[in-house]
Amino acid sequence: MEQNVEYRQQMIGEYRAAAEPLFKYLPWMEKSAGRAVSRNYQGNGLSRNSISFPVYDATLMNFVKEAAASTLMNRNYVYIYTRNRIRSHADEKKLIAGAELKDWEILCGILSKYVLEGRTKATLWGEAVQEDIFLLVLRKMQEIIRYWDKKGR
């Protein structure tokens, strides 16, 4: 029994070390919830035949960069989506809301999808902010860590 408690506390410590640096973005995400955080570039020399591209908020870019470098990223997030039959934002939000410590991998998978896939699909980062996906995942991670910190003391 004592080993289980020690193992769980070690896990929580690792999760905290990975997720805590991202919690500083929560106030910005709360403020930006449901809003567009990008605009299309309309610079000089852009012709009518040119392809426009999104320019993101600097805070979002810092978050994405920091999240991508964290151990929370799971390059196999597609399997998490398949295994849990996640097909829509509603499915993601339902799983996030019901997540517990044992579901940490699911939270990381959802976060990973938007961070990693957003590198090639320009709209995903903005979509994750507008749909509150980043916000909900970070809040749930914070809630899990706080709960188990209190329980372990």
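Student: Leaving aside its neighbours within four places in sequence, which residues is alanine 67 in contact with?

Tutor: In this model, which is a predicted one, alanine 67 is in contact with Leu22, Met73 and Val115, once neighbours within four places in sequence are set aside. Alanine 67 itself lies in helix 3.

Student: Why is alanine 67 counted as buried?

Tutor: Buried means under 20% relative accessible area, and alanine 67 has a relative accessibility of 0%, so alanine 67 counts as buried.

Student: How far apart are alanine 67 and leucine 116 in sequence and in space?

Tutor: Along the sequence, 49 residues separate alanine 67 from leucine 116, while in space their C-alpha atoms are 9.3 Å apart.

Student: Let us turn to helix 8. Why is isoleucine 144 called buried?

Tutor: Isoleucine 144, which is found in helix 8, has a relative accessible area of 5%; since the word buried applies under 20%, isoleucine 144 is called buried. Not counting residues up to four places away in sequence, isoleucine 144 touches Ala99, Glu100, Leu101, Trp104 and Leu107. With alanine 99, the separation is 45 residues in sequence and 8.5 Å in space, taken from C-alpha to C-alpha.

Student: Is glutamine 142 buried or exposed, and what makes it so?

Tutor: Glutamine 142 has its place in helix 8, and its relative accessible area is 18%. Because the cut-off for buried is under 20%, glutamine 142 is buried. Leaving aside neighbours within four places in sequence, glutamine 142 is in contact with Phe23 and Leu26.

Student: What makes glutamate 143 partly exposed?

Tutor: Glutamate 143 is likewise placed in helix 8, and its relative accessibility is 47%. Buried is under 20%, exposed is over 50%, and partly exposed is in between, so glutamate 143 counts as partly exposed. Glutamate 143 and leucine 101 are 42 residues apart in sequence, and their C-alpha atoms are 9.8 Å apart in space.

Student: Which loop holds arginine 85, and why does this residue count as exposed?

Tutor: Arginine 85 lies in the loop between helix 4 and helix 5. Exposed means over 50%, and arginine 85 is at 59% relative accessibility, so the residue counts as exposed. Its backbone has a positive phi of about 50°, although arginine 85 is not a glycine.

Student: What is the phi of aspartate 132, and why is this residue called partly exposed?

Tutor: Aspartate 132 has a positive phi of about 65°, and it is not a glycine; this residue lies in the loop between helix 7 and helix 8. Its relative accessible area is 23%, and the range for partly exposed runs between under 20% for buried and over 50% for exposed, so aspartate 132 is partly exposed.

Student: Which residues have the most contacts inside the largest nonpolar core?

Tutor: That core has 48 residues, and those with the most contacts inside it are Phe63, Leu72, Trp104, Leu111, Phe134 and Met141. Among the elements that give two or more residues to this core are helix 1 (2–19), helix 3 (58–68), helix 6 and helix 8 (133–152). Leucine 72 touches Ala18, Ala19, Leu22, Trp104, Cys108, Leu111, Ser112 and Met141, not counting residues up to four places away in sequence.

Student: At what angle do helix 5 and helix 6 pack, and which residues make the contact?

Tutor: Helix 5 (residues 89–97) and helix 6 (residues 104–117) pack at about 145°, their axes being 10 Å apart. The contact is made by His89, Glu92, Leu95 and Ile96 of helix 5 together with Ile106, Leu107, Ile110, Lys113 and Tyr114 of helix 6, and these residues divide into 6 nonpolar, 1 polar and 2 charged. The crossing of helix 5 and helix 6 is left-handed.

Student: How many helices and strands are there in the protein?

Tutor: There are 8 helices and 2 strands, and along the sequence they follow the pattern α-α-β-β-α-α-α-α-α-α. The protein has 153 residues, of which 42% count as buried. Among contacts between residues at least 6 apart in sequence, 73% join residues at least 24 apart. The protein exposes about 9,400 Å², and carbon and sulfur atoms supply 48% of that area.

Methods: Residues numbered from 1 in each chain as written. Predicted model: local features only at pLDDT ≥ 70, side-chain atom pairs only at ≥ 80, totals over all residues. Heavy atoms only, no water. Axes fitted to C-alpha atoms, helices over the stretch in contact; angles between N-to-C directions. Helix = DSSP H or I, 4+ residues; strand = E, 2+ residues; numbered from the N terminus. Left-handed = near helix turned anticlockwise from the far one by under 90°. Contact = heavy atoms within 4.5 Å. Nonpolar A, V, L, I, M, F, W, Y, C, P; charged D, E, K, R; others polar. Core = buried A, V, L, I, M, F, W, Y, C linked by side-chain atoms within 4.5 Å. Buried < 20%, exposed > 50% of the residue type's maximum accessible area, 1.4 Å probe, protein only. Areas by Shrake-Rupley, 256 points an atom, 1.4 Å probe, with all protein chains shown as cover.
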